[in-house]
Amino acid sequence: MKVEVVETALVAPREETPRRQLWLSNLDLAVPRTHTPLVYYYPAPAHGGGVAGEGSFAPGKLKAALAGALVPFYPMAGRLCVGADGRLQIDCNAKGALLVVARADHTGEEIFDDYAPSPEVRRAFVPAAPSGGWEACPMAMFQVTFLKCGGVVLGTGIHHVVMDGVGAFHFIQTWSGLARGLDAAEACGSPPFHDRTLLRARSPPRPAFDHHVYSPAFLSGRPRPFVTRIYSVSPKLLADLKSRCAPGVSTYCAVTAHLWRCVCAARGIARSSDTLLGVPANVRPRLRPPLPRSFFGNAVVRDLVVARAGDVLDSSLGLVAETIKKAVDGVDDAFARSVVDYLELELDKGVDSGGEAARERLVPGSDLWALSWLGMPMYDADFGSGAPRFVAPAQMFGVRTACMTSCANKDDGITVFFSIEPEYLECFEKVFYGE
């Protein structure tokens, strides 16, 4: 896929911002040290006007709005550095975010009618980290690519250490709102909350639970080949799955239960063997007191659900979903504080779980890793010509990883991006759709 780069620029905040070194929590340090790549597809406006350099995505307009958005989100204009204590942190030095302008001799239909996240998509539409080491690498990198049909692809790569999905979509809302002409307060809403010391470990650390999911031994150690497919969960299929679960079971738990059963069946896991499910939980509302809703950083903890494969396959979907719900509901203040304390002890031993995850590309030892962006405002990204038609990962995060997202039209159900080894794909698809 050939893409021609037209312009590359570093965009600094348009106003003076705090110059300081931002302390990173243990949850920040435990994520993979990579940029999370996404693509936003905007079809050509019905009234035309899709000429590069004009309209909602005019580079000058995007730069001005980006410079404005980087004022409240100033850590995104900084760089990683090592503090005097040897701990990784963000040097809020206002060096800027990377913005690339490009052209591609492709239409949106050619790219997105049969879309699948892949390394090729990432290379084409999301800027690569420049050479020179991580100290010189921008925390945020964006690329606007004008297509020959008049459509636009916006590729985003935001370093995971800076924020989780909640913070990333908050930033895109702010940037796009400023591009539409909103004032800063209206575009941003609640300003990002930057004090990450709310997630500092207790002294002394006192983990009360087993957190094997964070141990380097949990990573499989070597990347494995996989293919990625997109599965539509129609309103009808979703209603059928949820009807087999108890009232109060979330969409995430119902769909994850279905995925887990499908993976066990497709891989032919021995019924007497344990199967592992990795689940994340946003702890902003779970801590006591809760974190601010606009907390800007990583506030997601991971847990493992362990079950016999035979129990997952033979039990009702509702019972499997209840098992998942129990694990997710169990992530409370005590559990989250225990995770932070466990990571503190691991750091004291010289174990760098984030560095390990980056090197191994977060290939977990679980049979399924189920992520959810459901309920996040990922389509609230109107730069002036309308919301994107499609938002997706540019590349998946590892084998047997599922990512659930809403559709642009919420009445269309949900979408599941799923990566699996090629040899299991055919069987998985038959089981997933009940063939």
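Reply: Two strands are taken to pair if DSSP finds at least two bridges between them. The model is a predicted one.

Start with strand β14, residues 401–406. This strand is mostly covered, with six of its six residues buried. In a regular strand, side chains alternate between the two faces of the sheet. In β14, Thr 401, Cys 403 and Thr 405 point one way, while Ala 402, Met 404 and Ser 406 point the other way, and all are buried.

With strand β12 (residues 368–372), the pairing is parallel and runs over four bridges. Leu 371 has Cys 403 in β14 as its bridge partner. With strand β15 (residues 414–420), β14 is joined by five bridges, and these two strands run antiparallel. Here Ala 402 has Phe 418 in β15 as its bridge partner.

Next, the open sheet. It is built from six strands, in the order β1-β6-β7-β8-β3-β13, with mixed pairing. At its edges are β1 (3–11) and β13 (390–393), each of which pairs on one side only. On average, neighbouring strands here are turned by 15° against each other, direction ignored.

Is Thr 156 buried or exposed? Its relative accessibility is 3%, so Thr 156 counts as buried; the cut-off for buried is under 20%. Leaving out residues up to four places away in sequence, Thr 156 touches Thr 36, Pro 37, Leu 38, Tyr 40, Val 126, Met 141, Phe 142 and Ile 172.

That leaves the helix pairs. Two packed helices are described by the angle between their axes and the distance between the axes. The axes of α2 and helix α5 (residues 165–179) come within 8 Å and cross at roughly 130°. α2 and α5 are therefore oblique to each other, and their crossing is right-handed. From α2, the contact uses Lys 61, Leu 62, Ala 65, Leu 66, Gly 68 and Ala 69; these meet Phe 171, Thr 174, Trp 175, Leu 178 and Ala 179 in α5. By class, the residues of this contact are eight nonpolar, two polar and one charged.

Another helix pair is α8 (residues 251–267) with α13 (residues 422–432), which pack at about 135° with their axes 8 Å apart. That angle makes α8 oblique to α13. α8 passes α13 in a right-handed crossing. On the α8 side, the contact is made by His 258, Leu 259, Cys 262, Val 263, Ala 265, Ala 266 and Arg 267. On the α13 side, it is made by Tyr 424, Cys 427, Phe 428, Val 431 and Phe 432. The residues in the contact of α8 with α13 divide into ten nonpolar, one polar and one charged.

How values were computed
Residues are numbered from 1 along each chain as its sequence is written. This is a predicted model: local features need pLDDT of at least 70, side-chain atom pairs count only at pLDDT 80 or more; totals for chains, interfaces and linings use all residues. Side-chain values use heavy atoms; hydrogens and water are left out. Axes are lines fitted to C-alpha atoms, for helices over the stretch in contact, and angles run from 0 to 180 degrees between N-to-C directions. Angles under 35 degrees count as roughly parallel, over 145 as roughly antiparallel, 65 to 115 as roughly perpendicular and the rest as oblique. A crossing is left-handed if the near helix is turned anticlockwise from the far one by less than a right angle, and right-handed if clockwise. Contact means heavy atoms within 4.5 Å. Ala, Val, Leu, Ile, Met, Phe, Trp, Tyr, Cys and Pro count as nonpolar, Asp, Glu, Lys and Arg as charged, and the others, Gly among them, as polar. Buried means under 20% relative accessible area, exposed over 50%, partly exposed in between (1.4 Å probe, protein chains only).
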